[in-house]
Amino acid sequence: MTWIPLNVHSQYSILDSTASVTALAEKAKSYNISALALTDQGNLYGAVDFYKACKAASIKPILGCEIWLSPFSRLEKKRTVGMPNGFPLVLLAKDNTGYRNLCKLSSIGFLEGFYYQPRIDKEQLSMYREGLICLSGPVSGRIAHLILQSSEEETLREIEWFQSLFG
């Protein structure tokens, strides 16, 4: 069994990484990694360069994005005490439809939901879920937050919602 990194950030995740997409593909090749995902924060700016760099290095490119999910509506732009203004959620494209939906979600995040970072909400995620694989997100994600802050019932409801959406 080989390890495939599924949450990798590049220079396009401002203040989070300085790695170029070319360097990421070359490093993956040097470690004999067969596939690599690019999941920059809220954007797909590096997707085309990443795809080309991976193909040149004989690495399977997996295009994705770490989208920020608003705790309420993407249109609500105010602080709630004890609640972050968004939770990171990793989405990976399975196919061309998934890539188009990632592009749509990223655009909505910037155009409609921007509040400190581009955000979407559950309504938008439900509308544009086709062709996407959803990972639970990092330790600062919604599921982890609920495990630490809420009841078991609320956590299970959230997990069931994601399962109903993505299987």
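Q: Which residues does A37 touch, not counting residues up to four places away in sequence?

A: In this predicted model, A37 touches P5, L6, V8, F50, I62 and L92, once residues up to four places away in sequence are set aside. A37 has its place in strand β1, which covers residues 35-38.

Q: Is A37 buried or exposed?

A: A residue counts as buried when its relative accessible area is under 20%. The relative accessible area of A37 is 0%, and A37 is therefore buried.

Q: Where is S10 found, and what does S10 touch?

A: S10 is found in the segment before α1, the helix that spans 21-30. Its relative accessibility is 0%, so S10 counts as buried. Leaving out residues up to four places away in sequence, S10 touches S17, A19, V21, L24, L38 and D40.

Q: How many helices and strands does the protein chain have, and what pattern do they follow?

A: The secondary structure of the protein chain comes to 6 helices and 5 strands, and along the sequence they follow the pattern α-β-α-β-β-α-β-α-β-α-α. The radius of gyration of the chain is 16 Å, close to the 15 Å that the globule rule gives for 167 residues, so the chain is as compact as a globular protein of that length. Taken along the principal axes, the C-alpha atoms fill a box of roughly 45 × 35 × 30 Å. Buried residues make up 46% of the 167 residues. Of the contacts with a separation of 6 or more, 71% are between residues 24 or more positions apart.

Q: At what angle do helix α5 and helix α6 pack?

A: Two packed helices are described by the angle between their axes together with the distance between those axes. Here helix α5 (residues 142-149) and helix α6 (residues 152-166) pack at an angle of about 165 degrees, and their axes are 9 Å apart. Because angles over 145 degrees count as roughly antiparallel, α5 is roughly antiparallel to α6. The crossing of α5 and α6 is left-handed.

Q: Which residues of α5 meet which residues of α6?

A: On the α5 side the residues are R142, I143, L146 and I147, and they meet E154, T155, E158, I159 and F162 in α6.

How values were computed. Residues are numbered from 1 along each chain as its sequence is written. This is a predicted model: local features need pLDDT of at least 70, side-chain atom pairs count only at pLDDT 80 or more; totals for chains, interfaces and linings use all residues. Side-chain values use heavy atoms; hydrogens and water are left out. Axes are lines fitted to C-alpha atoms, for helices over the stretch in contact, and angles run from 0 to 180 degrees between N-to-C directions. Helices (H or I, at least four residues) and strands (E, at least two) are DSSP runs, numbered from the N terminus. Angles under 35 degrees count as roughly parallel, over 145 as roughly antiparallel, 65 to 115 as roughly perpendicular and the rest as oblique. A crossing is left-handed if the near helix is turned anticlockwise from the far one by less than a right angle, and right-handed if clockwise. Contact means heavy atoms within 4.5 Å. Buried means under 20% relative accessible area, exposed over 50%, partly exposed in between (1.4 Å probe, protein chains only). The radius of gyration is taken over C-alpha atoms; the globule rule is 2.2 Å times the number of residues to the power 0.38.
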